Amino acid sequence: MKIPFVSFLPLEKELDKELRDAFERVYTRSWYIEGEEDKAFEKAFAEYCGVKYAVGSGNGLDALMLALKALGIKEGDEVIVPSNTYIATALAVTYVGATPVLVEPDIKTFNINPALIEEKITSKTKAIMPVHLYGQACDMDPIMEIAKKHDLYVVEDCAQAHGATYKGRKVGTFGDAAGFSFYPGKNLGALGDAGATITNNEALADMVRALGNYGSDYKYHHIYKGNNSRLDELQAAFLSAKLPILDKVNEDRRRIANAYSAGIKNAKVILPYVKEECVPVWHIYAVRCDARDELEKYLKDLGIGTNKHYPIPMHLQECYKDLGLKEGDLPIAEEISRTELSLPLYYGMTDEQIQFVIDSINNF
Ligand SMILES: Cc1ncc(COP(=O)(O)O)c(C=O)c1O
């Protein structure tokens with residue numbers, strides 16, 4: 001049986017008419033940038049998240065970067081980020097000229113360990129960027145307490161966690177702002193690149209919008225030296241077609257993850273841990289295994305696609321040599337990169353496919 005790591009086909013089949021209608025609507029209107037689709041999606045997405053404002057952007061990296069820029073974070077500042085995340089979190093900090101300061105995760109949840117944040121705070125620290133990795137919320141109560149105590153901004157990286165909750169509250173609503181990615185493989189994915197910044201702060205939302213639109217508050221009037229990073233009308237229309245079933249998609253992902261958690265019984269494989277106060281949306285189902293590469297090959301030979309998130313920890317990436325960190329400096333991030341394997345998980349996976357993955361792992 002062939003099981004890809006990810007497939008968009010079941011979702012696209014279910015929403016075939018809505019997605020084609022979305023294209024037709026935009027194409028017929030012949031208006032592609034800054035139009036009513038963008039406005040409608042931003043309004044619906046803000047409502048979904050439970051915040052006042054959503055500002056669309058070209059991708060998730062820009063959604064984060066523009067939020068940091070609008071908060072005034074700049075060269076000479078430091079921003080706390082987790083050591084185990086996709087590199088975009090740190091790149092957003094680098095792009096505004098600040099320095100990412102890496103804090104180790106809790107190996108059980110894979111998320112930033114709040115107990116290790118304070119020792120990394122200096123007089124230059126301006127913000128904390130918790131990443132709700134793999135679809136599970138970070139431990140937001142202690143993070144918000146630390147931020148309050150040290151007068152720091154909090155910018156949540158929600159790229160992998162659309163709709164995930166912590167103590168019943170959706171991610172993205174805790175900090176000053178949050179960035180989402182709508183990369184096609186995300187829980188809410190466009191048919192190309194797209195992103196959004198959300199916030200309850202009107203002035204911040206206006207500034208993010210202006211910064212992503214050449215720094216202009218109205219046409220040909222430039223108040224900042226901005227970027228060009230806008231959510232285009234086609235992607236906004238596709239996202240509006242998919243948003244109404246995001247909760248259903250997340251529920252389906254929980255069906256698959258719960259089946260894995262109940263069915264996989266192999267002493268060599270450590271299953272993901274869910275904190276009681278969290279309802280994850282399972283962007284990634286991450287297991288750990290000492291013989292990870294062997295498991296990966298074994299599953300591949302059986303036709304099961306997997307992935308690694310992430311094979312090289314950020315501090316050992318060539319581009320971040322300037323952080324001055326070496327192998328052994330962040331042992332938990334390194335351990336995760338050495339042992340983590342992501343199992344296939346996508347909307348519409350059949351029970352038969354799920355069972356085949358479970359049986360295969362149990363026979364490893
Ligand atoms: C944790 C995290 N942050 C940021 C991003 C950046 O999003 P994008 O690919 O839309 O730029 C991603 C996804 O790629 C991500 O997984």
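Visitor: What makes F41, F45, Y48, F180 and F182 a cluster?

Guide: In this predicted model, ring pairs link F41, F45, Y48, F180 and F182 to one another, and the linked residues form the cluster. The structure as a whole holds 12 aromatic pairs.

Visitor: Why is the pair of F45 and Y48 called stacked?

Guide: Two rings pair if their centres lie within 6.5 Å, and planes under 30 degrees apart count as stacked. The ring centres of F45 and Y48 are 6.5 Å apart and the planes stand at 15°, so this pair is stacked.

Visitor: Where do F45 and Y48 lie in relation to each other along the helix?

Guide: Both belong to helix α3, which covers residues 36–49, and because F45 and Y48 are 3 residues apart there, about one helical turn separates them.

Visitor: How do you know whether F45 and Y48 are buried or exposed?

Guide: Buried means under 20% relative accessible area. F45 has a relative accessible area of 0%, so F45 is buried, and Y48, at 13% relative accessibility, therefore counts as buried as well.

Visitor: How do you know where empty space is left?

Guide: Rolling a probe the size of a water molecule over the atoms shows where such space remains. The count comes to 4 cavities of 30 Å³ or more, and the largest cavity has a volume of about 150 Å³. That largest cavity is lined by 16 residues, with F8, L11, P184, K186 and R253 nearest its centre.

Visitor: What classes of residue line the second largest cavity?

Guide: The lining of the second largest cavity divides into 10 nonpolar, 3 polar and no charged residues, and the space inside comes to about 90 Å³. Y134, Q136, P272, W282 and I284 lie nearest the centre of this second largest cavity.

Visitor: Which residues are closest to the centre of the largest pocket?

Guide: The largest pocket has a volume of about 610 Å³, and of the 31 residues that line this pocket, Y86, Q160, Y183, K186 and H283 are the closest to its centre. The elements that give two or more residues to this lining are α4 (60–70) and α5 (88–95).

Key. Residues numbered from 1 in each chain as written. Predicted model: local features only at pLDDT ≥ 70, side-chain atom pairs only at ≥ 80, totals over all residues. Heavy atoms only, no water. 1 Å grid on protein atoms, 1.4 Å probe; cavity = no way out; pocket = protein on both sides within 12 Å on 5 of 7 lines; lining within 4 Å. Points joined across faces, edges and corners; volume = space filled by probe spheres on them. Helix = DSSP H or I, 4+ residues; strand = E, 2+ residues; numbered from the N terminus. Phe/Tyr/Trp six-rings, centres within 6.5 Å; stacked < 30°, edge-to-face > 60°. Buried < 20%, exposed > 50% of the residue type's maximum accessible area, 1.4 Å probe, protein only. Nonpolar A, V, L, I, M, F, W, Y, C, P; charged D, E, K, R; others polar.
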